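Please view the sequence and the model first, and then read on.

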Amino acid sequence: MSKIKEIIEYILHIRKKSMNVNKSGLYIAFSLISVYALIMSVVCFFSGDTIMGVVNALITLFMILTIVVFSKIRSPKIMSWSVVIFLYALMVFFLYEGGVGGVSIMWLLFVPVAGMALINLYYGSILSLLLGITVPMYMLTPLHGLGYQYTEEYRIRFPIIYWAFLIMAMIIFVRLDKAEEEQKELIRKADASNHSKSEFLANMSHELRTPMNAIIGMCEINMREDMSDSVRENNESIYHSGKNLMNIINDLLDFSKIGSGKMELSCKSYSFSRLLNDVINMTVARKGDKNIEFSVNCDPDIPDLLYGDEMRIRQVMINILTNAVKYTQEGGVLLNVSYRKEKYGINLIFSVKDSGIGIKSEYIDHIFDVYSRVDAEKNHKIEGTGLGLPITKQLVILMNGVIGVKSEYGKGTEFKVVIPQAVVDETPMVSFENNECTGVICYDNLRKIPDFMAQAVSGTYEKLVERFNIKGTVCENFESIKLAVDSGSYSHVIIGRMEYFRNKQYFDELSNSMCVAVVQERNGQLPLGENITNVYKPFYIKRFCDIICKPVNGIADNNIPESFTAPDANILIVDDNPTNLRVAMGLMKPYNMKISVAKSGIQAIQLMKRKKFNIVFMDHLMPGMSGVEAYREICRMESDSEEKTPVIALTAHAENDVRELFASEGFSDFMSKPIQLDVLKQLLVKWLPEDLIVMKKEQNDE
Ligand code: ADP
């Protein structure tokens, strides 16, 4: 009894819930009834019962009309009540008419299940209960005499069977409904906690980035000062650990955004050669003094101006390259970059192959799982969080790309990534003018590097020579170089450092009549002869172009002057945190600019009323007036003036949406904290008036 009470209470409790009618289910049910009525009509005609034949034919027609009418009803409530009334009328008709030998009445047994599944639990129960009252009222009273003549047994058993079906259906559907409710509640709770978790992580990462800004910035400033070797070493340790910690904080932030589905791409046009250059420089920096080779094999015809999320592509490439360098103790790492033309632009294809520790076959399927630091016993000395590859994979998927890995344990690993990108301009990464080069002799002892890299390096030489239509030869020993030089048909010689020092005198003399370039590591470079061109590893297309001719397009290093000052530039830095102000001022010190500071938006505005600044760096979150409010006020102040002051937003929030917020507010640019020196330099060059920039060289000349 208590069970029935509970069921009834539950059904009444859910009556206010707005539940949609399962329309497709209804149409299927009505179509079945109309087919059944059609068959009955044919059977009745053939058995001579014309009246019932006509009635069933009318039912078929009526059912089809009903489907049409129902398809027009938009309100779920009206629809539900219409279905209840309609089905009730139909079932009462079946009860009255009995069909052939009382078969039609069987339809009534489907009503509880079909009603609760098709209309919904509340309206389905009303319909079933209405019939639950009607059936015994008809069968057990003289009313049954009006229609089909059921047998006595039939009239007693049918109401019992109907009620058994009804109670069973109610129990099942109430349970299902409760389970669904509980599931929805759990999902709601999980969503809410996920949301607060990502909000917490975003806030925490902001809070962590602010002091990190001070630590990394102060270290950078210290490293410019004179100090003893041990203090410098300690300082560098703090600096590198700080940078590592920043990377982990960034990974955590990315991971939380991916988890909550908030990761968004920020697409714009960018120069691929510049991106590649940055990625290579960063990989070289991460490799440091590690005794492994890093080579790059890049197709020179990749279009330079692409459209996509440059930052995320860079992140993917750096993650994979950093792992390769990290997990390789001897041999080397090869980065292959190529492309394929597609209707939408190109598919950027890059692979990173290393001769490192490799991954066991049983781990390879888990390599992209979160926190999976596979083969822990072998890797325990290598730092890592196990977040890099899952983030990389999600970013690749977000960019509609694919990523794959193959590995041989103990021999090495290869990651391959394909990312579609739109092309803004078809001009290839490399094009030249003033090609004064007639031929190139390359000599490098390829035997000391792994086979796959040796093939790629000699392939690079051959491809470049072919691409630029110049004569080229790859020599295996010193004698063959001499022979090639003596032939007189070459203008350039490119050699490795070992080869140079073995025959230094010869090459120094040769450099008076030919261009001799020596390729060596950036770390621990040795002084070369006066006329020798120094080229940093890895030797790839950009270095080749640097040696043989003057590049016209893309490949030049960012066009940013190596060092400059701007003694007449007036800069305003606005930040409520005094340490951050000191860091920003310290980082800008080498540019010798006139720097003013303001500790709040209001103070900044007062200063700007009195003085004209060339750039304002404005912090985002400040007590009182926020950076955005201060910026709006500045815009109001300058609304009549022709010359607008560039205002660059400064923030420890690194998310794309914050970036977009600044862009939509109209800020000139955006710089995230901790301030990166190269970003600061780029922004100064971009926003300072050209006549205020004084090149360091010019100063020395004066
Ligand atoms: P981690 O921070 O541990 O490097 P990742 O998610 O980047 O985390 O990588 C997950 C695991 O995959 C690593 O712990 C390592 O065991 C394995 N792995 C990734 N790249 C390589 C590689 N190039 N060679 C060998 N093992 C690798």
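S355 counts as buried because its relative accessibility is 17%, where buried means under 20% relative accessible area, exposed over 50% and partly exposed in between (1.4 Å probe, protein chains only). This is a predicted model, in which local features need pLDDT of at least 70 and side-chain atom pairs count only at pLDDT 80 or more, while totals for chains, interfaces and linings use all residues. Residues are numbered from 1 along each chain as its sequence is written, and side-chain values use heavy atoms, with hydrogens and water left out.

The loop between β5 (345–354) and α11 (361–364) holds S355; helices (H or I, at least four residues) and strands (E, at least two) are DSSP runs, numbered from the N terminus. A polar atom of the S355 side chain lies 2.9 Å from the backbone oxygen of E330, and a polar atom of that side chain also lies 2.9 Å from the backbone nitrogen of G332. Beyond its neighbours within four places in sequence, S355 has contacts (heavy atoms within 4.5 Å) that include T328, G331, K411, G412, P450 and F452.

## Domains and the cavity

The domain assignment, which is automatic or from a database, gives domain 1 (2–150), domain 2 (268–428), domain 3 (439–549) and domain 4 (564–701). Between the C-alpha centres of domain 1 and domain 4 there are 74 Å.

The structure holds one cavity of 30 Å³ or more. On a 1 Å grid over the protein atoms alone, a cavity is a set of points where a 1.4 Å probe fits but cannot get out, and lining residues have an atom within 4 Å of a point. Grid points are joined across faces, edges and corners, and a volume is the space filled by probe spheres set on the points. The largest cavity contains about 40 Å³ of space, and its lining consists of V284, K287, F294, E521, K537 and P538. Because domain 2 (268–428) and domain 3 (439–549) both give residues to this lining, the largest cavity lies between them.

Two of these lining residues, K537 and P538, are joined by a cis peptide bond with omega near -5 degrees. P538 is placed in the loop between β13 (533–536) and α18 (541–548).

## Buried positions in helices

| Residue | Helix | Relative accessibility |
|---|---|---|
| T66 | α3 (residues 50–72) | 6% |
| L683 | α23 (residues 677–687) | 6% |

T66 is in contact with F30 and F86, its neighbours within four places in sequence left aside. With the same exclusion, the contacts of L683 include I615, D669, F670 and M671. The C-alpha atoms of L683 and I648 are 8.7 Å apart, although 35 residues separate them along the chain.

Helix α19 (residues 578–588) has N580, L581, V583, A584, G586, L587 and M588 as its buried residues. Among the elements that cover them are α7 (152–223), β16 (570–574), β18 (615–619) and α23. At the start of α19, a side-chain oxygen of N577 comes within 2.9 Å of the backbone nitrogen of T579.

## Backbone angles in two loops

Most residues other than glycine have a negative phi, and most peptide bonds are trans. N400 has a positive phi near 60 degrees; N400 lies in the loop between α13 (388–398) and β6 (402–408) and is exposed, with a relative accessible area of 64%. N592, also not a glycine, has a positive phi of about 60 degrees. The loop between α19 and β17 holds N592, which counts as partly exposed at 46% relative accessibility.

Terms used. On a 1 Å grid over the protein atoms alone, a cavity is a set of points where a 1.4 Å probe fits but cannot get out, and a pocket is an open set with protein on both sides within 12 Å along at least five of seven lines; lining residues have an atom within 4 Å of a point. A polar contact is a pair of N or O atoms within 3.5 Å; within protein, one must be able to donate a hydrogen and the other to accept it, and residues adjacent in sequence count only if both atoms are side-chain atoms.
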